[in-house]
Amino acid sequence: EEKVQNFRKIGLLQENLAEQTKIYSSLCHLLQSENDYLIQSDVNNINKSAVLKDGLLRAAETKEEERLSLCSDLATDMRLRSETPKLLEIATKLPEPYRSKLIQHKSSLENLFAEIKRLNHENEILAEAALSTIGGTIDRIKDALAPKQTYQAGGKKKDTNQTKHLVHREA
């Protein structure tokens, strides 16, 4: 009965990893779309993307908590010494086909994490460049719209004639 319970937990762990893979795959696709939105300066879709990302990250966090709990339970059942066992530690102690399936899930997730990290970095660079451009534009607009001082302190008119030194009276 203990083995049946372990196999049930292993099945739940595999389901959890498959769900995490779907979530992170969706996040990866969303980041690819966000990249296009940033290039196109599509503010509406950038905002929608941010909301969707937040939802996916919350779902991933929940699934990760479930995975940690399942791994901890399995480690206890399998008499592994680690309180927070790694997926690979558990997988190496399991018979086939469980071992290879867990290792495959781990590999898929690692590849997704690397791609998500790369895309997120690219998007971060695009967003920073866009913000820098906007900041520069705003500064130039402020300078252009700033009131020009015609009078100096004390109420005397400021000389605004730029050509004063080019032509002398004696000529």
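**Ground rules.** I'm working with a predicted model, where local features need pLDDT of at least 70, side-chain atom pairs count only at pLDDT 80 or more, and totals for chains, interfaces and linings use all residues. Residues are numbered from 1 along each chain as its sequence is written, and side-chain values use heavy atoms, with hydrogens and water left out.

**Confidence.** I checked pLDDT, the predictor's confidence in each residue, from 0 to 100. The average for the protein chain is 84, and 80% of the residues reach at least 70. I took helices from DSSP runs (H or I, at least four residues), numbered from the N terminus. Residues 165-171 are another story: pLDDT there is below 50. Beyond near neighbours in sequence, I find zero contacts for that stretch in the model (contact means heavy atoms within 4.5 Å).

**Ring pairs.** How many aromatic pairs does the structure hold? I get two. Rings of Phe, Tyr and Trp (its six-membered ring) pair if their centres lie within 6.5 Å; planes under 30 degrees apart are stacked, over 60 edge-to-face, the rest tilted.

F7 and Y98 are stacked, with 5.1 Å centre to centre and 20° between the planes. F7 sits in helix α1 (residues 2-40) and Y98 in helix α4 (residues 98-145), so this pair ties together parts 91 residues apart in sequence. I noted F7 as partly exposed at 35% relative accessibility, and Y98 as partly exposed at 23%. My cut-offs: buried is under 20% relative accessible area, exposed over 50%, partly exposed in between (1.4 Å probe, protein chains only).

Y24 and F113 have ring centres 4.8 Å apart and planes at 90°, so I logged them as edge-to-face. Y24 belongs to helix α1 and F113 to helix α4, so parts 89 residues apart in sequence are tied together. Y24 is buried at 14%, while F113 is partly exposed at 38%.

Which kind of peptide bond joins E96 and P97? I found a cis one, with omega about 0°. P97 is in the loop between α3 (87-92) and α4.

I also spotted S41, a residue other than glycine with a positive phi, near 55°. S41 is in the loop between α1 and α2 and is exposed at 51%. R79, also not a glycine, has a positive phi near 60°. I place R79 in the loop between α2 and α3, exposed at 66%.

Key
Helices (H or I, at least four residues) and strands (E, at least two) are DSSP runs, numbered from the N terminus.
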